[in-house]
Amino acid sequence: MTFFEDPVVFLSNLIQDLLVGLNLAPSVVTFFMTLLGVVIVASFGLIAVIFLIWLERKVAARFQDRIGPNRAGPYGLLQTFADIIKLITKEDITPDNADKVAFNIAPILSVVSVLLIWAVIPFASGWIGSDINVGVLYIGAVGSFGILSVLMAGWSSNNKYALLGAFRAVAQLISYEVPMLITLLIPVLLARTMGLMGIVEAQSTWFVVYAPLPALIFLISSIAEIGRTPFDLLEAESEIVAGFHTEYTGMKFGLFFAGEFLHAFTIGVLTAILFFGGWRGPGAETYPVLGVIYLMLKALGGYFIVMWVRTTLPRIRIDHMLNFNWKLLVPVTLALLMLIAVLDKAFAGTALYLPALIAANLVVFAGLMVALRQLAVRQRKERKRFKKRPVAKPA
Amino acid sequence: MTPIQLVFLFVAFATLWAAFMVVTRNNLVHAALFLVIALFGVAVLFVMLEAGFLAVIQVLVYIGAIAILMIFAVMLTRGDVDDIPDITNRYAGWVGLVAVLFFSSLVILMAQWPSFTALAKPILSSRDTIVELGTALVSPNGYVIPFEVASVMLLAALIGALVVARPRKGK
């Protein structure tokens, strides 16, 4: 095996040989290699954020007919570094009556909860932090640390607005975890494994072809999980200052900020892995580097959609947010899961498999549209009953 | 002593310490946060027993639910979270006695079990443990009856919660 075929395996073999040559015990060598892997994967995530913040600001600027950062460095590439220096040099304030320990742990936990997802991301054939057999469930589990971090931040700040933001966050994040976890089950069902590597390897046809609707719902509920516009009720400036991170300053705020951006990109990566074939692409089996490039391109595609939604839609009201989840997403995902499970059992291995699954998606989508139309008609009738409703007229 | 034993001792003591802190804190939110550490310690122990599925479910179900618990702690205790001056009541002595009795009888029972001092064997099965667990849960020779009974009970609880929370007509 040469360096150009598979640089990561080549280098890790090289380092391992070097350590064994130093007469270290095998358990120490394994420990050191694991530690090295953790450091590399975590650093990759954190360094990617620096680039992602620049990218998001540029893209958002284009959507709003601006140019975006363009002063520091070529195309404003060094803008984020300037921002980091600014954040580090800012005064680090802990409020007097804050709960010191919880207040300081919360931002770290918020970043860690996202970085933990990267441990099970298959970057390319054979490049994965840990190919555990419960990968998909693991993603759901580490998400609960994110919820906890928001609540800890909101409560420990000893600020009413922060606490209100935290309450909203819990209502939203726990609600949207339900459709997200159910849609996560659909790739598991199609691939017959919970390991993310297995899911990627099973996608000789991308799962988005079998299950377009679950892919869309996964993306929507994931955007709600990050708490971005249109689901940014946890930090709605016009109502509750900045929500759970009102009291945070300097780099502690920076950690929440970085965590959010990294999470948004991670959503893109997860969508790519679960529904768009992950690292699969021409030549990715023999040259894993190509696989990483394919995965990152697909992930940036997903990230672009997240940014697009963010810059286009306004914030939705809190009752709409909860209704949308519990009355629309949850029933639809449950119906889809049951339908796909039954059809999968009935048509697995036959030529009808793909048409049956696509038909199921279409039927659910059509039913959804009919139901929404009826709801709209009913609401319109309701409004017509109030003939004398106040209407703004020119004087 | 192997590294894995060192990790076990550290995690076990951390879990016990956190569990002790849960019942001795004056502040409900602090107690809930220590409960997170204790439950996470149990999840780590599951990982060390090669029960990855249980570990993940432990984190997902228990630590995920702590957030709700904290919300209740904040909202149901006089609007703000004051420190509770005295966390014991007049039954504290009796409850402590029952706890000690229960724990010591458990230790005595466990000590008589021959595998108590044996080291954990590596899992020999070549099949995926998740597949084994899944089939065991729904196979008639496995645990299908407890599994279904638990499902029906949870469903009943769900419907019960809906009925209780539903606004009554005429109000």
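Good morning. In this predicted model, the centres of domain 1 of chain A and domain 2 of chain A, taken over C-alpha atoms, lie 22 Å apart. The bounds, which come from an automatic or database domain assignment, are 1-89 for domain 1 and 93-367 for domain 2. Residues are numbered from 1 along each chain as its sequence is written, and chains are lettered from A in the order in which they are written. Local features need pLDDT of at least 70, side-chain atom pairs count only at pLDDT 80 or more, and totals for chains, interfaces and linings use all residues, while side-chain values use heavy atoms, without hydrogens or water.

Let me turn to the buried area, meaning the accessible area (1.4 Å probe) that two parts lose on being put together, summed over both. Between the two domains this comes to about 2,100 Å², with 83% given by carbon and sulfur atoms. On the domain 1 side, E56(A), F63(A) and L87(A) lose the most area to domain 2, together 28% of what that side buries.

Next, the charged pairs. How many salt bridges cross the interface? The rule, a side-chain nitrogen of Lys or Arg within 4 Å of a carboxyl oxygen of Asp or Glu, finds two. E56(A) also forms a salt bridge with R310(A), their closest N and O atoms being 2.5 Å apart.

Finally, the helices, which are DSSP runs (H or I, at least four residues). On the side of domain 1 that touches domain 2, two or more residues each come from α1 (7-21), α2 (26-63) and α3 (79-89) of chain A. Of these, α2(A) gives the most, with 13 residues.
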